[in-house]
Amino acid sequence: MFFGRWSVYACMCLLMACTPDKPVYKSIDLTGANYALGFDLPDQFGQQRTLADFKGKVVVVFFGYTQCPDFCPTTLSEWVQVKKALADKGDLLQAVFITLDPERDTPELLKAYMANFDASFLALVPPLQDLPALAKSFKIYYKKVASSTGDFYTMDHSAGTYVYDTNGRLRLYARYGLGPAAMAADIAQLLK
């Protein structure tokens with residue numbers, strides 16, 4: 001019985017030695033997940049966009065809104081830093097911001113907002129009636145929160161970023177606060 005267990009253990013060690021090293025990411029590895037599989041939405045310039053448009057690039061997708069006081073501008077600023085950290089491979093990163101507030105986030109407003117971060121960053125505008133299904137397909141939480149006066153509202157929402165490889169496959173989920181250095185390291189691995 002001892003030799004039987006020992007031989008099983010030895011075989012497992014040999015098999016492990018033969019398998020290639022799996023990359024280790026700072027983000028959550030979602031490879032093979034069956035959600036957040038894509039989008040087909042107009043950007044701030046009116047052009048219809050899908051993941052296929054960015055073949056050969058790593059695509060990062062973040063949901064938010066332009067009136068967001070913290071998560072959204074911080075995340076977009078961090079993606080600017082990631083792009084710079086990638087140096088000559090920075091052009092292989094495509095940031096995509098999907099608005100959760102299409103009532104206020106007009107294409108004109110989104111053009112100005114995205115220009116504050118990076119001219120190559122795109123904002124997508126889902127039709128209001130399609131937003132619930134889109135958010136559900138990405139497992140994104142969002143909720144409109146009215147102010148006490150009723151004239152203004154904010155949006156509570158998920159704050160992480162989905163990361164797709166150069167073939168448009170969902171690979172990672174970068175939690176808010178992960179930081180540009182860790183995100184840049186993950187992106188660099190996906191670009192190998």
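Is proline 132 buried, exposed or partly exposed? At 45% relative accessibility, proline 132 counts as partly exposed, where buried means under 20% relative accessible area, exposed means over 50%, and partly exposed is in between (1.4 Å probe, protein chains only). You'll find proline 132 in helix 4 (residues 131–137). Helices (H or I, at least four residues) and strands (E, at least two) are DSSP runs, numbered from the N terminus. Proline 132 and leucine 100 sit 32 residues apart in sequence and 9.4 Å apart in space, C-alpha to C-alpha.

Before we go on, a word about what you're looking at. This is a predicted model, in which local features need pLDDT of at least 70 and side-chain atom pairs count only at pLDDT 80 or more, while totals for chains, interfaces and linings use all residues. Residues are numbered from 1 along each chain as its sequence is written, and side-chain values use heavy atoms, with hydrogens and water left out.

Now let's look at the sheet. Strands of a sheet pair through backbone hydrogen bonds, either parallel or antiparallel. Here, an open sheet of 6 strands has the order 1-10-9-4-5-6, with mixed pairing; two strands pair if DSSP finds at least two bridges between them. Strand 1 (28–29) and strand 6 are at the edges with a single partner strand each, so one side of each has no neighbour in the sheet.

Of its 7 residues, 7 are buried, so strand 4 is largely enclosed by the rest of the structure. On one flank, strand 4 pairs with strand 5 (residues 93–99) in the parallel sense over 7 bridges, and valine 59 has glutamine 94 of strand 5 as its bridge partner. To get from strand 4 to strand 5, the chain crosses through helix 2 (residues 71–85), and this β-α-β crossover is right-handed. Right-handed has a viewing rule: with the strands pointing away from the viewer, the path from the first strand over the helix to the second runs clockwise.

Strand 4 has another partner, strand 9 (residues 161–164), which runs antiparallel to it and is joined by 4 bridges. Look for phenylalanine 62 opposite threonine 161, and for valine 61 with tyrosine 162 as its bridge partner.

Next stop: a hairpin. Strand 7 (residues 142–146) and strand 8 (residues 153–157) run antiparallel, joined by 5 bridges, and lysine 143 stands opposite aspartate 156. The hairpin they form has 6 residues between the strands, and glycine 150 in the turn has a positive phi of about 85°.

What about charges? Side chains of opposite charge can pair when their charged atoms come close. The count comes to 6 salt bridges, each being a side-chain nitrogen of Lys or Arg within 4 Å of a carboxyl oxygen of Asp or Glu. One of them joins aspartate 118 to lysine 83, with the closest N and O atoms 3.2 Å apart. That pair links distant parts of the chain, 35 residues apart: aspartate 118 is in the loop between helix 3 (107–115) and strand 6 (122–124), and lysine 83 is in helix 2. Aspartate 118 counts as buried at 17% relative accessibility, and lysine 83 is buried at 13%.

Aspartate 165 has two salt-bridge partners to find. Its closest N and O atoms are 2.8 Å apart with arginine 169 and 3.4 Å apart with arginine 171. Both arginine 171 and aspartate 165 are buried, whereas arginine 169 counts as partly exposed at 48% relative accessibility. Salt bridges that share partners join Asp165, Arg169 and Arg171 into one network.

A search of the whole structure finds 1 cavity of 30 Å³ or more. On a 1 Å grid over the protein atoms alone, a cavity is a set of points where a 1.4 Å probe fits but cannot get out, and lining residues have an atom within 4 Å of a point. The largest cavity holds about 50 Å³ of space, the volume being the space filled by probe spheres set on the points, which are joined across faces, edges and corners. Its lining includes Thr75, Glu78, Thr161, Tyr176 and Met183.

Conventions:
1 Å grid on protein atoms, 1.4 Å probe; cavity = no way out; pocket = protein on both sides within 12 Å on 5 of 7 lines; lining within 4 Å.
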